[in-house]
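Student: I have just opened this entry, could you go through it with me slowly?

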Amino acid sequence: MTCLTRRALLGATVGLALTGIRPARAESFWGRKPADGPKDFIFGYGSLINTPSREATGRGRIDAVSARVSPAFGYVRSWVARSSSGFTALGLRPATPGEAPSSINGVVFPVDGESLPRFDRRESGYDRVMVPREVIEGVSWQGLPPDGVIWAYVPKSITAASAPPLYPDANHPLVQSYIDLVLEGTLEYGADFARELVATTFDWGRFWLNDRTTARRPWVSTPEAGRIDEILARTQPAAAALPNRLYSEDYAARILRAPAAEGVK
């Protein structure tokens with residue numbers, strides 16, 4: 001060690017002694033969890049899978065992990081949630097007698113004391129129901145949060161058990177713009193994830209309105225339209241119902257103006 005180096009080290013040691021500063025000691029944070037980490041999480045199985053839609057409600061970045069709920073949860077995903085604006089959205093309902101239950105894929109994301117009420121307002125037609133840990137699994141390398149409560153939204157008409165499920169009808173059809181929103185979200189996690197959602201969704205039917213902004217040239221306003229239509233056409237049970245999808249003018253003529261004798265409700 002040169003004389004100059006020894007002088008530099010001595011000067012540094014004297015300086016630390018005079019100021020009372022000591023060299024940092026190594027400390028392990030292994031096993032610690034942030035005290036202010038999220039305590040509540042939402043399992044989104046419909047439009048909440050879509051990142052821009054989810055973040056518009058949360059008002060900021062909200063990362064999510066892909067997940068799947070077991071048939072043991074007791075619900076199936078179905079077209080069973082009536083919107084006040086006149087369409088039928090995805091919801092959860094109990095499996096009916098003789099109906100085989102199904103798993104439900106979606107995403108899990110964190111919420112806090114400010115964002116949770118915003119999601120509750122967004123899903124005002126639903127009640128928040130706890131998802132037991134033993135019936136939900138992560139389906140990616142990221143895994144699920146080890147702690148906290150996971151919630152799912154169930155339509156109020158289902159939780160109240162006061163009336164039969166509200167399936168699509170002429171005035172509350174499936175609308176392609178909503179289906180696009182949901183499937184665009186699933187495509188963030190891959191085509192297989194999108195096909196899984198279609199395959200595990202019940203009650204596709206005859207009331208299906210193609211309300212895309214440019215329905216006859218859908219790729220103009222919906223870049224993923226081609227992939228979405230291919231998935232719908234190749235995946236049951238949606239594929240069986242897809243011929244019922246009608247452009248707005250055809251829907252009005254064949255469904256809304258159809259004679260009452262045809263049994264359209």
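**Salt bridges and a helix contact**

Student: Is Arg 68 buried, exposed or partly exposed?

Tutor: Arg 68 is partly exposed, at a relative accessible area of 23%, where buried means under 20%, exposed means over 50% and partly exposed is in between, with a 1.4 Å probe and protein chains only. This is a predicted model, in which local features need pLDDT of at least 70 and side-chain atom pairs count only at pLDDT 80 or more, while totals for chains, interfaces and linings use all residues. Residues are numbered from 1 along each chain as its sequence is written, and side-chain values use heavy atoms, with hydrogens and water left out.

Student: Ok, and which residue does Arg 68 meet in a salt bridge?

Tutor: Its partner is Glu 196, with 2.7 Å from N to O; a salt bridge here is a side-chain nitrogen of Lys or Arg within 4 Å of a carboxyl oxygen of Asp or Glu. Because Glu 196 sits in helix H6 (residues 191-199) and Arg 68 in strand E2 (residues 65-69), the pair ties together parts that are 128 residues apart in sequence. Helices (H or I, at least four residues) and strands (E, at least two) are DSSP runs, numbered from the N terminus. Glu 196 itself is buried, with a relative accessible area of 18%.

Student: How many salt bridges does the structure hold?

Tutor: The structure holds 17 of them. Another is formed by the side chains of Arg 82 and Asp 169, at 3.2 Å from N to O. That pair links distant parts of the chain, since Arg 82 belongs to strand E3 (residues 75-82) and Asp 169 to the loop between helix H4 (156-160) and strand E9 (174-175), 87 residues apart. Arg 82 is partly exposed at 31% relative accessibility, whereas Asp 169 is buried at 17%.

Student: And which residues are linked in a network of salt bridges?

Tutor: That network links Asp 180, Arg 212, Asp 229 and Arg 245.

Student: Switching topic, at what angle do the axes of H2 and H3 cross?

Tutor: The axes of helix H2 (residues 51-58) and helix H3 (residues 115-122) cross at roughly 115 degrees and come within 8 Å; axes are lines fitted to C-alpha atoms, for helices over the stretch in contact, and angles run from 0 to 180 degrees between N-to-C directions.

Student: Which residues make that contact?

Tutor: From H2 there are Ser 53, Arg 54, Thr 57 and Gly 58, and from H3 there are Arg 118, Phe 119 and Arg 122, with contact meaning heavy atoms within 4.5 Å.
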